[in-house]
Amino acid sequence: MSFIKGEKKTIKVALVGNPNVGKSVVFNYLTSSYVDVSNYAGTTIEVSVGNLKLSETEKPCSDYAFQVIDTPGIYSVSNLQEEETVTRDYILEADLIINVVSALSLGRDLFLTKQLADMGKPMLVLINQYDEAKKHKINVKVKVISQALGLDVELSSATLGEGLEELRNYILNFIDNAKFKPGRISKEVDNYCVPYLEMVFDRASALLIAEADAEVAKANDIVLPSNATSHRKEIYNIRNREVDELVREAVSEIQFAWMDKLGDLFLNPVIGSLTAVVVVYTFLFLFLGVFVAGTTVDFLENNIFKAYYEPFMRNLVGSIIPYDSSSMTSTLFTDPARALGTILVGDYGVLTLTITYLYALLLPLVFGFYLGLAFLEDSGYLPRLAVLVDGVLSSLGMNGRAIIPLILGGGCVTMATVTTRLLSTKKEKLITIALLGLTIPCSAQLGVIQGLLTNIGGFLPWLIWGGTLFLVFVLTGLVLNKLVPGECGHFVSDIPPIRLPIFKNLMQKTIQRTKVFMNEAIPAFFIAALVVSVLQVTGILKYIINWAEPILADVLLLPKEVTLSFILGMIRRDFGAFGLMEIPLSAAQLVTVCVVLTLFVPCIATVAVMIKEKNLKIAMGIWVSSWILALGIGAVLARVLPFVL
Amino acid sequence: MNLNQVKPGQSIKIDFIPEDLELRLFSLGIKAGDSAECISHSYYGPVVLRKDRAFNQVAITHRFAEAISVTVK
Ligand SMILES: Nc1nc2c(ncn2[C@@H]2O[C@H](COP(=O)(O)OP(=O)(O)OP(=O)(O)O)[C@@H](O)[C@H]2O)c(=O)[nH]1
Ligand SMILES: [Mg+2]
């Protein structure tokens with residue numbers, strides 16, 4: 001508790017538990033906020049802090065402010081990986097711990113509960129996902145568990161909102177709760193802590209040192225004895241035995257449902273691989289390509305923005321100042337009013353093309369991608385896909401888990417680069433970041449490219465584009481696996497149950513992510529449009545295009561107009577793809593340019609994140625390699641494709 | 001036999017887990033002495049196990065599975 005004179009006292013309430021048990025759903029309820037919720041272990045990678053929501057009547061009464069903390073899932077408090085140590089620090093600092101466990105996996109989850117109880121922290125155990133337990137005819141004897149642990153135990157079904165108001169009240173009454181007592185500390189385990197209790201400040205640290213946590217020992221100037229690890233093993237065995245006994249007594253047998261059988265089928269190598277092909281085809285080609293980028297964008301762009309909005313804007317601005325629609329000559333000094341008009345409503349006008357791109361193209365594409373992705377995430381399909389691709393990804397220096405950032409990269413490569421934190425070794429992080437930067441298109445780019453490819457002639461161009469990327473992906477991975485020193489991580493993971501996604505969560509997540517994407521894209525779009533318009537009215541654009549023309553013509557066999565796409569693509573890759581929609585190209589040229597723009601340099605935001613997550617040298621290495629790769633492969637395709645398409 | 005030799009559908013008892021893997025599997029609820037069912041196992045892919053009386057499944061990479069001794073029940 002932090003006491004500051006004259007101010008409310010802050011009570012820190014930490015939500016702690018194994019991954020995927022519903023901590024973030026509980027957090028969102030308690031604080032009325034939204035942090036990401038997905039059906040796989042490791043969704044939360046950073047601690048979130050919020051204030052407990054209070055009703056109008058509760059606000060003035062309380063002398064306390066309640067701070068709620070959502071932590072990344074952990075399996076044990078001692079011997080954590082580097083990124084997990086933050087969670088431990090929040091646990092040590094917390095005034096109250098809400099230990100969220102899943103009613104579906106008490107045999108696993110209660111291990112952490114016991115460990116937290118042995119730390120002597122004030123705690124409530126929340127048995128969540130109780131609705132699913134009921135569906136599986138699992139009967140949980142709450143009283144038995146509560147007595148055995150010496151702790152208060154509550155049931156909840158967080159996604160249905162059940163049991164959460166009771167939890168909120170429990171937290172509110174925490175201070176006055178006279179019956180509050182620490183959990184039952186296991187006698188046998190306590191014996192191991194006794195030697196350290198005199199040396200350190202608190203019981204929690206003593207326990208962690210007894211469990212051979214080198215970092216906590218060092219922080220307290222204690223040298224671990226040589227038998228420390230065997231002590232840990234003994235403590236773990238005691239705890240495990242106690243949990244096994246408790247679960248046998250308090251939890252009934254499970255009855256599996258048809259959804260569970262479906263989940264098992266997705267893991268079958270043959271059925272699973274076929275399903276993966278169908279999922280990719282449906283999601284990328286049918287949904288994103290044909291429906292979103294084709295039908296929806298077409299309608300919005302041509303029937304609304306180009307039919308009504310742009311002419312309206314041109315008339316409006318044109319009635320005040322003159323403009324040129326596609327002039328490349330310099331008018332800035334001879335006729336500044338005309339130059340301004342051109343910047344506003346010309347070919348690349350800030351008020352015309354930019355707005356159309358943003359709202360008729362970018363918005364539906366990004367929203368569509370995130371909606372599809374949210375569905376895959378919440379259904380529990382992704383971890384099953386991770387199992388299927390583990391063998392392949394291992395030979396590329398990664399492991400199955402890398403499929404999550406790689407797929408998220410299809411949304412926004414920048415965000416996905418941050419998610420590589422859920423991978424365990426430096427080597428696999430580096431390879432995943434490199435492959436994301438080099439070969440994975442972001443949602444907007446993906447959408448436009450899908451649309452372009454579908455428009456020119458169905459499945460074959462799509463297959464060539466996808467096949468080339470896949471090949472580059474595999475070959476780059478193979479090479480990097482050889483070149484990058486170090487160990488690749490091994491895939492050991494929980495597989496969550498298959499769940500029917502909840503519509504509200506799908507929408508919340510999709511809207512949230514789309515907002516983040518658009519907030520970043522909108523200013524960048526305007527700046528890019530402004531830069532291009534200014535280049536246009538000053539006549540500089542003409543020079544750049546003339547200068548780059550021979551490179552594009554000789555290397556990629558492309559017309560000079562495409563230069564603009566490349567310039568824009570360096571700022572954000574999706575701009576590059578958008579520019580292409582206006583240029584008449586042959587099928588072979590279009591596929592070439594789509595491949596080149598996908599492989600082309602990662603956008604500025606991604607480069608910034610790469611520098612943050614890795615360093616400048618690696619970011620620049622990836623940036624330069626992408627130039628070489630994109631132009632090299634483009635040159636080959638430009639010469640081969642005319643014979644195929 | 002080792003865990004890699006187990007086929008989907010078989011029930012097994014885990015006899016031995018090498019020390020360097022123990023902690024990692026332990027946290028997922030898997031330890032020597034446990035009984036489990038193999039849910040899926042592809043050629044070079046991970047072995048997916050479900051412990052008896054448990055709902056959650058655990059995937060263990062090929063490389064690790066090779067070092068784990070089991071008996072088929
Ligand atoms: N049926 C059901 N599903 C739930 C319940 N609580 C959470 N879920 C689902 O469980 C999954 C995991 O929820 P999260 O809140 O992301 O879990 P978490 O504990 O924060 O997970 P990490 O951040 O990975 O540690 C999501 O698919 C939720 O929709 C519940 O009470 N009932
Ligand atoms: Mg979470």
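A residue counts as buried when its relative accessible area is under 20%, as exposed when that area is over 50%, and as partly exposed in between. Keep those cut-offs handy for the close-ups below, all taken from a predicted model.

**Figure 1. L557(A) sits in a loop between two helices and has a positive phi.** Here we're looking at the loop between helix 23 (540-556) and helix 24 (562-571) of chain A, which is where you'll find L557(A). With a relative accessible area of 35%, L557(A) falls between the two cut-offs, so it is partly exposed. What is the phi of L557(A)? The angle is near 55°, a positive value, and this residue isn't a glycine. For background, most residues other than glycine have a negative phi.

**Figure 2. S32(A) is another non-glycine residue with a positive phi.** The phi of S32(A) is about 55°. Look for this serine in the loop between helix 1 (23-31) and strand 2 (48-51) of chain A. Is S32(A) buried or exposed? Its relative accessibility is 53%, which is over 50%, so S32(A) counts as exposed.

**Figure 3. Chain A is split into two domains.** Domain 1 covers 9-250 and domain 2 covers 272-644. Their C-alpha centres are 42 Å apart. Where the two meet, domain 1 puts 19 residues into the contact and domain 2 puts in 25. Zooming out for a moment, chain A has 28 helices and seven strands. Its radius of gyration is 29 Å, close to the 26 Å the globule rule gives for 645 residues, so chain A is as compact as a globular protein of that length. Along the principal axes, the C-alpha atoms take up a box of roughly 85 × 55 × 50 Å. Of the 645 residues in the chain, 56% count as buried. If you take the contacts in chain A with a separation of 6 or more, 76% of them join residues 24 or more positions apart.

Figure 4. Of the 38 residues around it, G73(A), Y75(A), Q81(A), E84(A) and L422(A) are nearest the centre. Helix 3 (85-93) and strand 7 (492-495) of chain A each give two or more residues to the lining, and helix 1 of chain B does too. Which element supplies the largest share? That would be helix 1 of chain B, with four residues. The class count here runs to 17 nonpolar, 13 polar and eight charged residues. Both domains of chain A take part, with at least three lining residues drawn from each.

Figure 5. A search of the whole structure turns up seven cavities of 30 Å³ or more. Domain 1 and domain 2 of chain A each contribute at least three residues to the lining.

**Figure 6. K31(B) is a buried lysine that touches both chains.** You'll spot K31(B) in the loop between helix 1 (19-27) and strand 2 (35-41) of chain B. At 13% relative accessibility, K31(B) comes in under the 20% cut-off and so counts as buried. Which residues does K31(B) touch, leaving out those up to four places away in sequence? The list is N240(A) and D244(A) from chain A, plus I14(B), I17(B), F26(B) and K51(B) from chain B. As for Y43(B), it is 12 residues along the chain from K31(B), and the C-alpha atoms of the pair are 24 Å apart.

Notes:
Residues numbered from 1 in each chain as written. Chains lettered and ligands numbered in written order. Predicted model: local features only at pLDDT ≥ 70, side-chain atom pairs only at ≥ 80, totals over all residues. Heavy atoms only, no water. 1 Å grid on protein atoms, 1.4 Å probe; cavity = no way out; pocket = protein on both sides within 12 Å on 5 of 7 lines; lining within 4 Å. Points joined across faces, edges and corners; volume = space filled by probe spheres on them. Domains from an automatic or database assignment. Buried < 20%, exposed > 50% of the residue type's maximum accessible area, 1.4 Å probe, protein only. Contact = heavy atoms within 4.5 Å. Rg over C-alpha atoms; globule rule 2.2 N^0.38 Å. Nonpolar A, V, L, I, M, F, W, Y, C, P; charged D, E, K, R; others polar.
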